[in-house]
Amino acid sequence: MLAQLDTFVGPEVGWFALSPMLTLLAGSLGIMLLGALTPKWPNGWYATFSAITAGLAGAFAMVQWDDITDNGPSTLVGGTIAFDTLAMFLTITICIAVVLVSLLTNDSLRGTPNEGPEIYALYLVAAIGGVVMASANDFIVLFLGLETLSLALYVLAASNRRSSQSAEAGIKYFVLGGFSSAFFLYGIALVYGSVGTTNISEMVLAMQTTVDVSGPNPLALAGIAMMLVGLGFKVAAAPFHVWVPDVYQGSPSPVTALMASAGKAAAFAAMLRVLVIALPFYRNDWRPVIWVLALLSLLVGSFLAVVQTNVKRMLAYSSISHAGFILVGVEAAAHQAGEADAGPGMPAVVLYLMLYGILVVGSFGVVSIVGRQTGGDTSLDAFKGLLARRPLLAVTFTVFLLAQAGVPFTTGFIAKFGVIQAAVEEHSYAIAVIAMVAAVVAAFLYLRIMVSMWLSPADDDAGALAVPFSAGLAITAAAVFTIAVGIFPGWLIDAADTVTQYAH
């Protein structure tokens with residue numbers, strides 16, 4: 001044993017290449033340590049620290065992007081971490097979401113038992129988990145990232161100790177999330193038994209050389225089915241969506257924003273790594289499942305959202321519908337998975353994740369402000385007469401709702417057009433048509449909220465609505481991005497097109 005230890009050589013670690021992860025890790029540990037050893041910080045400093053940390057991690061990811069475009073993709077830490085533009089694009093998406101959510105959270109925690117560094121530390125821990133999922137080149141590493149993200153979100157969902165709904169959301173998310181993680185881990189074990197490795201690069205090589213993929217492989221197919229159950233839960237796809245309405249409604253609104261943006265981006269990153277990159281040789285087996293999940297998510301999310309009377313539940317079902325749209329892009333990516341020309345599916349998916357992530361944070365930011373004034377009430381009645389009480393807030397929320405509906409000159413139109421165009425290019429006409437019909441149905445949902453804001457009179461006891469500076473800054477930034485990129489999307493579309501050059 002001692003002789004073996006003497007000859008052990010650890011993997012080479014590219015420390016600077018890992019700088020986005022290390023920055024988030026240092027920030028999460030630093031804010032907890034400094035928060036414990038120093039007196040209570042002045043108002044806004046915890047949120048500023050979290051936002052700066054996430055922003056710095058995103059800036060490092062942009063620097064790494066330049067290095068990857070110059071030198072090509074590679075792997076790190078013994079081939080367990082992918083160093084490619086797909087990882088960097090999703091890292092930037094997650095970091096932007098954490099910056100905006102941190103600003104939203106600042107004023108909502110003021111004067112509450114949660115005012116302190118813990119919530120922001122959990123935001124950064126969740127971001128680490130998401131970045132690891134986006135960068136994983138090994139199923140075990142991916143599972144570690146998944147659990148890091150999930151555990152942070154379980155605690156955040158139940159973080160409002162004054163609300164029984166928050167406690168209920170946390171326990172529901174924890175129990176159902178535990179089941180989904182078990183399915184995912186069991187799937188990894190079965191695929192490992194079939195292929196003999198959990199490393200994605202080695203897995204692809206084994207399937208090209210030693211593993212017979214021409215005939216049925218029950219062990220591998222069972223593993224893929226198990227992982228699809230776990231991934232379906234994490235991306236909030238029907239029929240694995242049952243946790244979404246209650247958890248989204250019961251969680252604090254900024255936490256819900258993080259789940260719908262960074263959480264969804266990380267989950268779909270894992271789906272791309274597992275299905276499109278690691279298991280392209282079984283695409284004819286898993287692609288029909290993705291097609292069905294997309295169909296169910298579009299129908300369930302769009303039609304059930306229309307009958308809701310609570311805005312947070314409306315946006316929760318809307319999130320399921322958006323998961324269906326993203327799955328349309330995943331289905332399109334499946335057609336050419338593993339081939340030299342990867343097709344338009346994967347770029348459409350990652351572009352959708354960034355555009356939707358930013359506008360959904362803005363949406364829940366408005367809901368958070370309204371809910372704080374009404375004592376947590378986020379029903380449609382709470383939004384009556386919002387135009388008269390706070391015109392700019394009503395206008396920005398209208399921008400977000402129009403974007404989610406896919407109205408032209410907003411990022412929502414660019415996102416939906418991208419995945420539908422990708423489906424059409426791969427001749428998946430049926431799911432493309434269904435997606436367009438679902439978009440029309442879902443538009444009625446957003447119209448209901450806009451009618452309540454613009455045409456319904458405000459209640460007599462509804463006073464003026466205060467918009468905190470940091471929350472207003474986050475919402476304004478999200479609204480400006482939603483319109484500006486909706487009008488000039490070319491540069492971001494070009495960036496998304498590079499994600500098909502991923503590490504092998």
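Biologist: Is Trp 243 buried or exposed?

Modeller: Trp 243 is buried, with a relative accessible area of 4%. Buried means under 20% relative accessible area, exposed is over 50%, and partly exposed is in between (1.4 Å probe, protein chains only). This is a predicted model, so local features need pLDDT of at least 70, side-chain atom pairs count only at pLDDT 80 or more, and totals for chains, interfaces and linings use all residues. Residues are numbered from 1 along each chain as its sequence is written, and side-chain values use heavy atoms, with hydrogens and water left out.

Biologist: How many aromatic pairs are there?

Modeller: The structure holds 16 aromatic pairs. One of them is Tyr 154 with Tyr 173, an edge-to-face pair at 5.0 Å centre to centre, with 85° between the planes. Tyr 154 sits in helix α6 (residues 139-157) and Tyr 173 in helix α7, 19 residues apart, so the pair links distant parts of the chain. Rings of Phe, Tyr and Trp (its six-membered ring) pair if their centres lie within 6.5 Å; planes under 30 degrees apart are stacked, over 60 edge-to-face, the rest tilted.

Biologist: Are those two tyrosines buried or exposed?

Modeller: Both are buried, Tyr 154 at 7% relative accessibility and Tyr 173 at 5%. Trp 243 pairs with Tyr 248, again edge-to-face, at 6.2 Å centre to centre and 70° between the planes. Tyr 248 is buried as well, at 1%.

Biologist: Which residues do the ring pairs link into a cluster?

Modeller: Tyr 154, Tyr 173, Phe 174, Phe 233, Trp 243, Tyr 248 and Phe 364.

Biologist: Switching to charges. How many salt bridges does the count come to?

Modeller: Six. The rule is a side-chain nitrogen of Lys or Arg within 4 Å of a carboxyl oxygen of Asp or Glu. Arg 273 bridges to Asp 84, with the closest N and O atoms 2.9 Å apart. That pair links distant parts of the chain, 189 residues apart: Arg 273 is in helix α11 (residues 253-278), Asp 84 in the loop between β2 (81-83) and α4 (85-108).

Biologist: What do you call a helix or a strand here?

Modeller: Both are DSSP runs, numbered from the N terminus: helices are H or I with at least four residues, strands are E with at least two.

Biologist: And Arg 273, buried or exposed?

Modeller: Arg 273 is buried, at 1% relative accessibility. Asp 84 is buried too, at 0%.

Biologist: Which residues share partners in a salt-bridge network?

Modeller: Let me build it up. Lys 172 and Asp 246 meet at 2.7 Å, N to O. Lys 172 is in helix α7 (residues 164-195) and Asp 246 in helix α10 (residues 244-250), 74 residues apart. Lys 172 is partly exposed at 27%, and Asp 246 is partly exposed at 29%. Arg 313 also bridges to Asp 246, with the closest N and O atoms 2.9 Å apart. Arg 313 lies in helix α13 (residues 311-334), 67 residues from Asp 246. Arg 313 is buried, at 19%. Through shared partners, Glu 168, Lys 172, Asp 246 and Arg 313 join into one network.

Biologist: Now the core. Which residues have the most contacts inside the largest one?

Modeller: Leu 279, Trp 286 and Phe 397, in a nonpolar core of 182 residues. Such a core is a set of buried Ala, Val, Leu, Ile, Met, Phe, Trp, Tyr and Cys residues joined through side-chain atoms within 4.5 Å.

Biologist: What does Leu 279 touch?

Modeller: Val 191, Met 203, Met 207, Ile 224, Met 227, Val 274 and Trp 286, leaving out residues up to four places away in sequence. Contact means heavy atoms within 4.5 Å.
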